[in-house]
Amino acid sequence: MLPIFADLDPHTIWNAPSGSIELVIKCMVALLLGAAFVGICFAIPSQLRRFIIFTATFVSGGFYILFYYFPAPIARQPLDQPRNVLEGFSFWLTDAQPIIATISNTIGSFLIGLGIYSLMRVHLRKLMKKQKDWGYSLVLFVSMLLMVTFGYWDYFDRFGKDGAAMAAGPAGGAWHFQQYANDILFDGFFQQMEAGMFSMVAFYILSAAYRAFRARSIEATILLATALVVMLSVMGAVVYQWDEGIKALAHNDPGSFLNNFKLDVIAAWLKDAVQTPSIRGIDFGVGIGLLAMGLRLWLNLDKTGGAV
Amino acid sequence: MGDQYRDTGWFGVLFTTFIVFSILYNIARARRGKSLFIRRIAGLNAIDEAVGRATEMGKPVVMVPGLSDTTVNAKSMQAINIFAYVARVAARFATPILVCCYNSGIYAVSQEIIRDVYQEEGLADRYDVDSVRFISDRQFAFAAGVSGLILRERAAAAFFMGEFYAESLILAESANTVGAIQVASSTEITQTPFFIAACDYVLIGDEFYAASAYLTRQPVLVGSLIGQDWGKLTIALTVLLGVIGGTYAIHTQTDTSWDDKNELVIGLPHRAKPADGLLQRLLIPKPEADVKVERPQYSPDEIPKPDKGGGS
């Protein structure tokens, strides 16, 4: 099959030794070709651009459909050769998948540049014109610069040019300014701020629950009642008192119908007979909806833009 | 039919193929002009109301197409399709919009589609390139950025549609703080309750995928929706069949064996394991057994080896 989709041999045109000038030149050429392709896509008429997008979507979608539908090779060993054409195709699909995924990731990585461009444009203008809240834009630029600088500085200390982690850690195990700075910025600031943001969910749950659990309608009342039962069912002292009451009413008869009204039994019934089937039903709907959406995108049946 | 045929997973493939064909068949049917019915969805009727309110207040409409770790997926595309409709309504009333993107791929696609919407409406001059923004691709940095935008801009309406996770409540509560009308939908079932608690209107489950058909009434979308319903109906019937089959299997399984005198011993009926049920075998294939296949071999020299230059 096509050598481009086989495991890359170190000596083909598609590869070059790590850290070599040849690799740098090949990367630059690939980058220029990519940029030229993007430029051409912008320059050509919209209809032709859509055709290119449709063709790329159809081919890549078709590959993954074949990958999932075509029987995978059974008990394949590293040195195995296919026994016939069908098995050869099956081997090719399996071998090509990681390469296709890499191509997809490479194209995706081009897009991060677009994202950074958007950020820069919005915030640079704010900063230059000293618009309202320009201070936040300044914070963004300073943090971006610091994270990029110290992130890469530390990275190049920790990893060799072959991308392999150095056995003894950065500079033989000793930490220097760049390691401390990166650690403070990433673990000390960034991670803590993310954790802080996440912890706000706890407070928001309280305020949202207060609004949702007000008995304004029949639906809200049902929600309130079920939530109350489920919450009470995990409170040991309440469950004990309630269940003792039920036992007394049932005269300690384990076969009594009243045992069905123990708090944990009601909560389990709510979860198993009401909640789980509802979630399954919604999941089925979402799954089929996703399938239909994917199908329409693959076959270019969707007319985007929300036109009525 | 022997067990070996049941256990290969062919039934799942057949089932998916049936759903695919029912969707395609109904799309063809709708294209031929067949009138198909869609029930009322309150959350979608609220879109015009929300944009109208934003217009009256002169405040922006904030739209968030969710988080997606991959570049662009079907969920985010569906969200952008809905937002394209919202942007179209907003463009007609010259209402400012803000589309906040978590992913640079979604940002690029959103920008293209929203710009097209303004051009199609003949209002290209009203399109502000900064109305579609990339915020961050870190979950809580994104949540902080969008919350900040909602609070600073005092958004009048907020639309949260697509994949949302733990940040859903942060976004919804921020919008609630400024009194924005909120229409939300998450494809993640665990986040739907949060949206129900915090938002004015919520699209649950596949209503999210029905939205573009409901709003635009394009034959392709309406036909696809009916095809989805056929699929759901088939699943419901399968569940019913599973209940009947499972109940029957549980009460009738009997083990037989031969004793020392080679006489047949029939045991008492007992409860079978769920894994022995017919549908369980059809839908959940057994893991591949440890089989070996004899194949011609490459010599080890023919296989590329990883070295400094690459290879895997």
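This is a predicted model: local features need pLDDT of at least 70, side-chain atom pairs count only at pLDDT 80 or more; totals for chains, interfaces and linings use all residues.
How many salt bridges does the structure hold over all chains? The count is 20.

## Chain B on its own

Chain B has 312 residues, and 50% of them count as buried. Its secondary structure comprises eleven helices and eight strands. Sequence separation tells us something about the contacts. Take those in chain B between residues at least 6 apart in sequence: 69% of them join residues at least 24 apart. The accessible surface of chain B is about 15,000 Å². Carbon and sulfur atoms account for 57% of that surface.

## Where the chains meet

How many residues of chain B are in contact with chain A? There are 88, and they touch 75 residues of chain A. Together the two chains bury about 7,000 Å² between them. Of this buried area, 63% is on carbon and sulfur atoms. Polar links are present too. Across this interface there are eight salt bridges. There are also 18 residue pairs in polar contact, both residues being at pLDDT 80 or more.

| Residue | Partner | N to O distance |
|---|---|---|
| A:Arg50 | B:Asp116 | 2.9 Å |
| B:Arg295 | A:Asp80 | 3.0 Å |
| A:Lys26 | A:Glu22 | 3.0 Å |
| B:Glu121 | B:Arg92 | 2.9 Å |

Start with B:Arg295 and A:Asp80, whose side chains meet in a salt bridge. B:Arg295 sits in the segment after α11 (278-283) of chain B, while A:Asp80 sits in the loop between α2 (46-69) and α3 of chain A, so this pair joins two chains. Are these residues buried or exposed? Both B:Arg295 and A:Asp80 are buried. They also belong to a wider set. A:Asp80, A:Arg83, A:Glu87 and B:Arg295 are linked in a network of salt bridges.

A:Arg50 and B:Asp116 form another bridge, with one residue in chain A and the other in chain B.

Next comes a pair within chain B. The side chains of B:Glu121 and B:Arg92 meet in a salt bridge. B:Glu121 lies in the loop between α5 (104-120) and β3 (132-134), and B:Arg92 lies in helix α4 (residues 74-92), so the bridge ties together parts that are 29 residues apart in sequence. B:Glu121 is partly exposed, at 24% relative accessible area. B:Arg92 is partly exposed as well, at 44%.

The last pair lies within chain A. Why are A:Lys26 and A:Glu22 separated by about one helical turn? The reason is that they are four residues apart in helix α1 (residues 21-43) of chain A. A:Lys26 counts as partly exposed, because its relative accessibility is 26%. A:Glu22 also counts as partly exposed, with 38%.

## A nonpolar patch

Charged pairs are one part of the picture. Which residues form a nonpolar patch on the surface? They are A:Ile112, A:Ile116, A:Met120, A:Leu124 and A:Met128. Together they have about 420 Å² of accessible area. One of them, A:Met128, lies in helix α3 (residues 85-128) of chain A. Its relative accessible area is 64%, so A:Met128 is exposed; the cut-off for that label is over 50%.

Definitions and conventions
Residues are numbered from 1 along each chain as its sequence is written. Chains are lettered from A and ligands numbered from 1 in the order in which they are written. Side-chain values use heavy atoms; hydrogens and water are left out. Patches are made of residues with over 30% relative accessible area and no salt bridge: like charges are joined within 9 Å, nonpolar side chains (Val, Leu, Ile, Met, Phe, Trp, Tyr) within 5 Å. Accessible areas come from the Shrake-Rupley method with a 1.4 Å probe; for residues, only the protein chains shown count as cover. A salt bridge is a side-chain nitrogen of Lys or Arg within 4 Å of a carboxyl oxygen of Asp or Glu. Buried means under 20% relative accessible area, exposed over 50%, partly exposed in between (1.4 Å probe, protein chains only). Contact means heavy atoms within 4.5 Å. Buried area is the accessible area (1.4 Å probe) that two parts lose on being put together, summed over both. A polar contact is a pair of N or O atoms within 3.5 Å; within protein, one must be able to donate a hydrogen and the other to accept it, and residues adjacent in sequence count only if both atoms are side-chain atoms.
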